[in-house]
Protein chains: 2
Amino acid sequence: MTNYTAPIEDMRFTLDEIANLNDVAALPGFEDATPDLVEAILEEAGKFGNEVLAPTNRNGDEQGNVLENGVVRTANGFKEAYQQYWEGGWNSVMFDPEYGGQGLPWTLATAIDEIWNSANMAWGLTAILTKGATEAILAHGTEEQKRTYCEKMISGEWTGSMNLTEPQAGSDLAAIRAKAVKEGDHYRISGQKIFITSGEHDMVENIIHLVLARTPDAPPGVKGISLFIAPKFMVNEDGSLGDRNDVRCTALEHKLGINGSPTCVMSYGDNDGAIGYLVGQEGMGLMCMFTMMNNARLAVGLQGVGIAERAYQQAREYAKERVQSKAISSSETGPSTIINHADVRRMLLSMKSQVEAGRAMSYFAATHIDRAHKHEDEKTRMASNALVALLTPIVKSWNTDMGIEVASIGIQVHGGMGFIEETGAAQHYRDARINAIYEGTNGIQANDLVGRKVARDGGTIMKGYIAQLREFEATLSAAGDEFTTVSKIFTRGINALEKTTEWLLETNADAPNLVAGGSVHYLNLAAYVTGGWLLAKGALAAQEKLSAGEGNAEFLKGKILTTTFFFSQFVCQAESLGEVFMDGSGTIMEMPEDQF
Amino acid sequence: MTNYTAPIEDMRFTLDEIANLNDVAALPGFEDATPDLVEAILEEAGKFGNEVLAPTNRNGDEQGNVLENGVVRTANGFKEAYQQYWEGGWNSVMFDPEYGGQGLPWTLATAIDEIWNSANMAWGLTAILTKGATEAILAHGTEEQKRTYCEKMISGEWTGSMNLTEPQAGSDLAAIRAKAVKEGDHYRISGQKIFITSGEHDMVENIIHLVLARTPDAPPGVKGISLFIAPKFMVNEDGSLGDRNDVRCTALEHKLGINGSPTCVMSYGDNDGAIGYLVGQEGMGLMCMFTMMNNARLAVGLQGVGIAERAYQQAREYAKERVQSKAISSSETGPSTIINHADVRRMLLSMKSQVEAGRAMSYFAATHIDRAHKHEDEKTRMASNALVALLTPIVKSWNTDMGIEVASIGIQVHGGMGFIEETGAAQHYRDARINAIYEGTNGIQANDLVGRKVARDGGTIMKGYIAQLREFEATLSAAGDEFTTVSKIFTRGINALEKTTEWLLETNADAPNLVAGGSVHYLNLAAYVTGGWLLAKGALAAQEKLSAGEGNAEFLKGKILTTTFFFSQFVCQAESLGEVFMDGSGTIMEMPEDQF
């Protein structure tokens with residue numbers, strides 16, 4: 001019932017035809033990313049996901065994690081799977097060979113990570129946090145820090161954790177109270193951190209905590225916060241493990257989902273203070289953190305895709321097996337499999353098309369991370385960097401909301417069986433819910449989009465993006481008759497995006513609450529247009545291949561049908577979302593608080 | 001954190017100004033339903049809900065039910081609460097005094113039931129099922145059956161259960177295999193039933209099971225199915241309990257939510273066959289069942305309202321307490337309560353306005369049940385009956401989808417805390433999910449609406465309903481300037497409903513899959529227009545009171561603001577939904593099955 005098979009054919013199609021992996025592979029340093037290697041790596045990743053990781057997903061949910069004497073015991077199979085992951089070199093795919101990485105494209109790593117997210121999202125979190133911590137040290141740490149910590153974090157021998165949240169400081173990190181007092185070449189850290197993913201576990205020998213804390217006499221607010229490395233075990237000069245640091249997991253949270261992932265309460269400095277090493281400069285902690293947080297946001301967006309793909313696969317299999325009532329168009333006597341009922345098909349296509357749009361957006365954003373890192377031309381690097389910044393809140397928010405919705409539809413397709421935990425569909429619905437919350441709630445993403453990403457530069461990046469969409473609009477409108485519907489809806493979508501962007505820019509200075517209050521709608525509008533654009537790009541490529549008699553004809557036709565469905569169910573809502581964005585928030589601030 | 005306070009002021013407003021309870025109270029037989037009595041009853045129900053029931057909600061979720069030796073032990077406080085419910089006469093409110101009921105309006109009972117659903121939805125299910133079973137016997141049973149079973153079911157001394165589903169027969173009841181063999185004045189029933197809510201529990205002495213089963217030599221399909229009464233304990237002539245019947249609970253389901261409600265696997269006839277008494281005639285089982293199922297569907301729609309109200313209250317309280325970051329419009333120094341952030345306010349208003357729309361629809365539908373039962377004029381009774389039939393799938397589906405969405409937003413308002421089970425927000429999200437599935441999945445509701453309720457009579461009832469909306473449109477457009485936005489959007493909504501209804505009628509005969517595949521969108525369009533209509537009716541009443549200087553001015557202004565928000569966020573989507581309905585399903589049946 002809860003099998004998973006990595007959708008390699010669709011991933012390849014998305015990489016090749018939508019994300020243009022070939023262009024990425026042509027960037028300097030990516031010479032190894034040949035089509036054959038990509039194929040081989042995806043196949044191997046698929047095997048690992050299908051055969052090793054996917055079967056542990058239920059264990060994690062049912063057994064959770066157990067805290068005993070400060071040690072967190074993960075669910076059956078988690079440690080063994082992690083061992084294989086490390087040995088298989090899966091953690092190092094996109095890291096710099098200078099520190100032991102394989103130097104492959106971020107885009108390829110994204111496709112691989114999708115598999116871990118589908119196979120066992122809770123398990124996969126440890127690697128996401130490790131990558132985030134590694135990136136922060138690579139970007140802001142000293143060479144010694146990189147050698148001491150990053151090499152083993154990249155190989156997968158050690159994991160990392162990000163220690164930001166405190167009870168009074170969630171979205172508002174300015175409110176952090178944890179303290180760091182300088183003592184020679186290090187600091188002594190004390191305080192409590194909550195919601196720390198993989199803060200403690202039994203899968204590896206050492207855990208490298210990145211911690212935000214406040215130095216004495218530092219200014220209040222964000223400028224007083226610094227970032228520190230606090231390893232679980234101190235690291236000797238020869239790389240061997242030394243003393244246990246004064247940081248411990250004191251409790252595990254009892255959560256709605258991702259029960260396989262240990263969400264820890266971490267206590268720093270119960271004795272002498274945890275030893276921590278400054279990363280970057282004092283007072284720059286939040287800035288250092290945000291370097292990695294953008295990529296972590298994309299990683300969470302990808303979790304939305306992963307969980308949605310798994311929920312879709314499960315619902316699809318059930319719908320092909322379950323027999324109930326005769327379908328309207330059935331020519332058989334007797335009842336039909338439920339996939340033949342129109343409303344069930346609508347649900348499945350709604351899942352499938354949204355998963356594919358989300359996948360396309362995640363992979364596409366990844367290609368621009370690669371360009372931003374590797375392109376020879378500085379202007380191109382900067383443009384890609386800006387595009388990633390623009391797309392990050394869109395991908396994070398829409399993909400994770402989509403993950404929740406698709407998981408919910410997955411339950412619905414199962415009918416009553418979906419509500420029974422043994423079926424497994426309910427786990428996806430519970431697991432998916434966190435993605436809209438962590439790494440910046442989706443509301444914060446929407447505010448980030450309208451504020452930092454669009455209004456701040458007077459819409460320059462967004463307008464450039466719209467111009468890029470207009471170029472494709474011309475191509476699409478010149479395509480054959482089978483694209484008439486798609487083309488018309490796409491034009492309406494871009495028009496809506498342009499119109500709402502103008503309104504946003506005009507309105508934000510004088511009435512920022514109107515913009516902020518409707519920002520999720522603007523974000524969703526931008527997501528539909530972006531997802532539609534990328535799916536349509538794939539559909540045109542599919543049409544071309546069909547005309548040339550290349551490829552798997554049924555699969556390619558399916559791509560065109562799925563794209564048409566996505567446009568006529570979702571992208572066509574762009575204008576309506578635009579209206580809600582511009583006209584819907586007028587009463588929000590007028591309502592007196594005591595009337596809520 | 002998980003407190004609940006029955007929203008009496010809003011319930012009264014909805015009853016008085018939107019549902020016109022006074023008109024209902026003027027129907028023959030409802031003379032007792034004076035405003036004072038209604039007020040007193042709601043206050044008492046509120047007390048029971050707030051103080052007795054609400055505190056048991058968490059117990060039910062955490063402890064669930066335990067099956068030992070065929071006995072199901074409910075969670076702490078469930079039995080005691082049920083005892084008080086029975087003794088308080090809460091079960092008998094709207095039943096016929098002939099059988100011990102209080103003969104009060106269904107509309108009032110609906111408001112009261114909302115409280116139970118908010119306070120403890122899982123606990124409240126037993127009463128919903130009991131009412132359904134009672135109605136079926138009252139409508140189709142013999143006088144002796146009514147006296148023997150209904151009196152004690154109405155008083156609340158005994159409960160009822162509905163035994164329909166079998167593993168192969170979920171939505172498709174034609175596939176039922178349970179057998180009933182005639183033996184003198186009774187039948188012997190054997191077979192397995194699954195998903196039986198309150199099929200076994202320890203709250204009362206006897207449980208009256210209504211069972212669908214197939215008689216030997218009966219024709220295949222639905223015409224071979226009959227309905228039987230199979231009490232847990234046989235009832236002696238003097239009303240005392242006799243032998244244990246041959247029906248037992250053999251397992252409890254492990255579910256995503258409503259863990260306080262025992263969902264039983266029931267085994268009939270493991271020994272000699274369970275003794276059952278035919279209700280109505282052989283072969284008429286499904287028809288008898290559907291009499292009660294329509295009302296059960298409305299009851300489930302009301303569960304959506306109840307759970308949404310509770311989720312809203314919890315999120316609202318959190319948003320008023322939690323302090324994070326300075327709000328855009330804050331004139332204070334330092335961080336603000338999160339209710340002052342525009343996006344959080346949008347979420348709260350989205351919850352509040354949808355709850356109020358759902359409440360209005362549920363109460364309004366109930367008034368037409370009262371009219372259908374009690375109005376002196378047969379034509380009016382029939383018209384009300386038809387309107388209830390039309391509204392039932394809309395209320396069931398939209399209100400339950402809304403309950404899920406609102407519970408999900410409730411988590412989001414809490415941020416990370418929402419994902420922690422102790423907070424309680426997650427329970428609502430898990431509990432709410434079942435409502436879209438049971439008593440006919442929401443997909444089945446949508447197909448019921450387009451097929452049985454609109455297409456079958458050539459749109460007569462729907463067109464009559466639209467004409468009723470048009471009358472209000474005229475009133476609304478003549479209202480003051482503060483209603484301009486609402487009025488314009490309402491007109492667009494009715495136009496969309498009319499246009500899509502025409503399209504539905506034209507298309508259904510030749511392309512029924514197009515209609516069925518898009519039916520959920522048509523249903524949601526109808527729901528937005530209906531919810532908008534009722535809220536706007538309330539807003540006009542509020543405006544009138546304000547002009548007259550009557551009532552609580554802040555509350556009344558809040559009603560107008562909430563209505564405006566609902567229109568400019570939801571009703572304005574009607575045209576877009578109409579487009580998706582008419583144009584969105586073209587590719588659904590074209591996609592080859594193996595491309596899913």
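Reader: Which residues does B:T250 touch, not counting residues up to four places away in sequence?

Author: This is a predicted model, in which local features need pLDDT of at least 70 and side-chain atom pairs count only at pLDDT 80 or more, while totals for chains, interfaces and linings use all residues. Residues are numbered from 1 along each chain as its sequence is written, and chains are lettered from A and ligands numbered from 1 in the order in which they are written. Two residues are in contact if their C-beta atoms, placed from the backbone, lie within 7 Å. By that rule, and leaving out residues up to four places away in sequence, B:T250 touches B:V265 and B:S267.

Reader: Is B:T250 buried, partly exposed or exposed?

Author: B:T250 is found in strand β10 (residues 247-252) of chain B; helices (H or I, at least four residues) and strands (E, at least two) are DSSP runs, numbered from the N terminus. A residue is buried if 20 or more other C-beta atoms lie within 10 Å of its own, exposed if 12 or fewer, and partly exposed in between, with C-beta atoms placed from the backbone. B:T250 has 15 other C-beta atoms within 10 Å, so B:T250 is partly exposed.

Reader: Is A:N524 buried or exposed?

Author: A:N524 lies in helix α16 (residues 519-547) of chain A. Leaving aside neighbours within four places in sequence, A:N524 is in contact with A:W398 and A:L577. There are 23 other C-beta atoms within 10 Å of A:N524, so A:N524 is buried.

Reader: What is the angle between α10 and α11 of chain A, and is the crossing left-handed or right-handed?

Author: Axes are lines fitted to C-alpha atoms, for helices over the stretch in contact, and angles run from 0 to 180 degrees between N-to-C directions. Angles under 35 degrees count as roughly parallel, over 145 as roughly antiparallel, 65 to 115 as roughly perpendicular and the rest as oblique. A crossing is left-handed if the near helix is turned anticlockwise from the far one by less than a right angle, and right-handed if clockwise. Helix α10 (residues 378-414) of chain A and helix α11 (residues 425-432) of chain A have axes 8 Å apart and pack at an angle of about 160 degrees, which makes α10(A) roughly antiparallel to α11(A), and their crossing is left-handed.

Reader: How many nonpolar, polar and charged residues are in the contact of α10(A) with α11(A)?

Author: The residues that meet include A:G403 and A:I404 in α10(A) and A:A425 and A:A426 in α11(A). Ala, Val, Leu, Ile, Met, Phe, Trp, Tyr, Cys and Pro count as nonpolar, Asp, Glu, Lys and Arg as charged, and the others, Gly among them, as polar. By class, the contact has 7 nonpolar, 5 polar and no charged residues.

Reader: Is the crossing of α6(A) and α9(A) left-handed or right-handed?

Author: Helix α6 (residues 106-140) of chain A and helix α9 (residues 342-374) of chain A have axes 7 Å apart, at an angle of about 150 degrees. That makes α6(A) roughly antiparallel to α9(A). The crossing is right-handed.

Reader: How many residues does each chain give to the contact between chain A and chain B?

Author: Among the elements of chain B that give two or more residues to the side touching chain A are α8 (285-321) and α17 (574-583). By class, that side has 34 nonpolar, 29 polar and 17 charged residues. The contact takes 80 residues from chain B and 80 residues from chain A.
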